[in-house]
Amino acid sequence: MSTAASWTISAVRDALRSKEISARELTKDFFARIDNRNRQLNAFLALSVDRAFAQADRIDAMIAKGDALPPLAGVPIAVKDVISTRDVTTTCGSKILETYVPPYDATAVGRLERAGAVILGKTNCDEFAMGSSNENSAYGPVRNPIAIDRVPGGSSGGSAAAVAAGLAVAALGTDTGGSIRQPGACCGIPGMMPTYGRVSRYGLIAFASSLDRIGPLTQNVTDASVLMSIMAGHDPNDSTSAAVPVPNYNAQLESPLQGIRIGVPEDYFGEGLDPEVREKVLAGIALLEKLGAERIPLHMPHTDYAIATYYIVATAEASSNLARYDGVRYGLRVPSANLREMYKKTRERGFGPEVKRRIMLGTYVLSAGYYDAYYLRAQKVRSLIARDFSDAFQKVDAIITPTTPTPAFRLGEKTADPLQMYLADIYTVTGSLAGVPGISVPCGKTKAGLPIGMQILAPHFEEGRVLQLARGFEKAGGFTI
Amino acid sequence: MKSGGYILKISREDVLRVAELAHLELTPEEIELYRGQLDEILSYIGKLEKLDVSNVEPMAQVLFPAPDDRQPELRDDTLVPCDIADAVLAQAPDAAKPFFRVPRVIER
């Protein structure tokens, strides 16, 4: 019988098919674990108990009849609270949506549920996905299950913590500037960001529309591949959803790494990188070479401008996307004498400091007189950053970097200085801006036992290659290097 | 926060103007706090000025132009039923079907 942290998709499949456990019992088991640990971790904001058990019972009925089971039958999954779930509160970690109950499911959620997944509930996150530590949630911070005085990373901190603590087999997160990969690294689990447009954004409550992506946080690489194969693919409800065929990720997963050219950009190994992180990631790269990969040095000259570019583009888009929270149609409304007062009072009360800061920054860089100097210029630098990647991918098949400059920091350590917090994203925002897919895989721990993450990036729509490298690395013991 | 004779790039008026555009009502403490933080952030993002972008196109779309000449997918311009009014109004703070009722808009 699997122990607390080791239920995987295949373990669930085997246990259900052999009737070792029923889907209902497994679901009950997970809710008991959540009950046990959520007060400490604060990973979950809401539990969809009835929906979960209804699905579990449906799966158990199929098992009783001897029906063929769908690929995620009975698998307990958690969903980040910026992703719409029908009839289950979806707060985005904000007071302004405290009572919002979506009347529909996000496409990604619907696909998982139709594949048999049991949706356990909604996970805590930085407010409107803005943050790198899950300390910006209006519902309290999330603690890192590996070290509870430390952050789980953000903004998908709740999802990462839930998976790392065995409170869900897998979880959906979202990544705009690193918000799946960085929490994956902080909590010691794989976290995958698909190519922009690979997974539908329909039902994802928007932060930055040209950057947002939904992706999985999982116990292992195989599970990431399974979830990706179910969620990926064109959706007519998302106009930015790519009409590019989805390859069979699972089929490519176990292919050997012989001959794959891996690029190592010097720009990601400079000042500011923690020495223990450097040591482990370089060891990880050496392991990939031992597995047959060819290491090629790279220079990606615009890396240093990525944070500045990101915090102009993303905040500009956020200022536009968050204009809708005005008390008119949904969420919080502060009663007021007139409309303008209602807008201002509602937003003042409903938004937290980080959200306000980013809305103001975004408004500033878009405002008359500043648009050219900031926003237009940032869009041009974004082209340069994307070109760094397309140039690199002429020479290499994948790019390997650390995921974060340091392991998980302490709660409260960076909250006084927003810019310091932004700089935690330094290795992830580049891939975000370029639209490329990537994964963070565990790559050893520091002497103090804190997880370290190694990032693998690939060209657009090469998720299969990302997963193949990650799987080879995992099989060879890279996670515990 | 800055000290010792440093002049902030962003003025109090800038913060108020931006807050007005963004429909945010800030307290006096918030105005000062955000002014300092925004100033620090704007100074940092000013590093983009160092780059020569004279011959660079702005990146309006992430996936286009695509290397394989793939075009964005457009759907047919056909009407489909969209019977969502009740579900949407159910979320409203003050609904009076088919309207969202709000406080007085026009003052005079």
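Me: Into which domains is chain A divided?

Reply: Please bear in mind that this is a predicted model. Chain A is divided into domain 1 (4–252), domain 2 (261–300 + 387–480) and domain 3 (308–372).

Me: How many residues of domain 1 of chain A are in contact with domain 2 of chain A?

Reply: Two residues count as being in contact if their C-beta atoms lie within 7 Å. Here, 42 residues of domain 1 of chain A are in contact with 38 residues of domain 2 of chain A. The side of domain 1 that touches domain 2 draws its largest share, six residues, from α6(A). By class, that side of domain 1 divides into 20 nonpolar, 16 polar and six charged residues. The centres of these two domains, taken over C-alpha atoms, are separated by 23 Å.

Me: Which residues of α2(B) are buried?

Reply: A residue is called buried if 20 or more other C-beta atoms lie within 10 Å of its own. In α2(B), the buried residues are Y34(B), R35(B), Q37(B), L38(B), D39(B), I41(B), L42(B) and I45(B).

Me: What covers the buried residues of α2(B)?

Reply: The cover includes α1 of chain B, together with α10 (306–321), α12 (353–366) and α14 (418–422) of chain A.

How values were computed: Residues numbered from 1 in each chain as written. Chains lettered and ligands numbered in written order. Predicted model: local features only at pLDDT ≥ 70, side-chain atom pairs only at ≥ 80, totals over all residues. Buried ≥ 20, exposed ≤ 12 C-beta atoms within 10 Å, placed from the backbone. Helix = DSSP H or I, 4+ residues; strand = E, 2+ residues; numbered from the N terminus. Domains from an automatic or database assignment. Nonpolar A, V, L, I, M, F, W, Y, C, P; charged D, E, K, R; others polar.
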